[in-house]
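Please consult the sequence and the model as you read.

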Amino acid sequence: MDDFSLWVIISNLLLAARWTVGLALIAFVGGGIGGLIVMFMRVSLISFFRVLAIGYIELLQGTPLLMQLFIAFFGLSLIGIEVPPLAAAALALTFYTS
């Protein structure tokens with residue numbers, strides 16, 4: 001059994017920081033690309049694309065991020081799509097940041 005020494009705590013925090021920075025980079029790059037697409041749809045001359053972009057923005061920015069994370073992991077598995085935890089978190093964070 002591990003004791004709670006300072007080294008164990010610091011090593012666990014560094015491991016968690018690695019995953020946090022990795023997910024933040026994925027969300028930043030993916031959200032930037034997705035946001036660029038949504039922006040072009042939002043300023044499009046075609047009204048269908050404008051309405052679709054407004055609906056996307058209202059839906060994703062109007063729901064809490066924690067709920068989107070739960071839907072990405074548990075909701076997709078309920079309909080038969082098994083998603084690894086890292087991929088579900090990356091997907092939810094990318095959609096939220098876009």
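Which backbone oxygen does the side chain of Thr-94 reach? The side chain of Thr-94 reaches the backbone oxygen of Ala-90, at 2.7 Å. The model is predicted, so local features need pLDDT of at least 70 and side-chain atom pairs count only at pLDDT 80 or more, while totals for chains, interfaces and linings use all residues. Residues are numbered from 1 along each chain as its sequence is written, and side-chain values use heavy atoms, leaving out hydrogens and water.

**Thr-94**
- Thr-94 is found in helix α4 (helices are DSSP runs of H or I with at least four residues, numbered from the N terminus).
- Thr-94 counts as buried because its relative accessibility is 18% (buried means under 20% relative accessible area, exposed over 50%, partly exposed in between, with a 1.4 Å probe and protein chains only).
- Not counting residues up to four places away in sequence, Thr-94 touches Ile-26, Ala-27, Gly-30 and Gly-31 (contact means heavy atoms within 4.5 Å).

**Nonpolar core**
- The largest nonpolar core has five residues: Leu-23, Ala-27, Ala-89, Ala-90 and Leu-93 (a set of buried Ala, Val, Leu, Ile, Met, Phe, Trp, Tyr and Cys residues joined through side-chain atoms within 4.5 Å).
- Two or more residues of this core come from each of α1 (6–42) and α4 (85–97), and α4 gives the largest share, three residues.
- Ala-27 touches Gly-32, Leu-93, Thr-94 and Thr-97, residues up to four places away in sequence not being counted.

- Leu-14 lies in helix α1.
- Leu-14 is exposed, because its relative accessible area is 55%.

Definitions and conventions: Polar contact = N/O pair within 3.5 Å; in protein donor to acceptor, adjacent residues only side chain to side chain.
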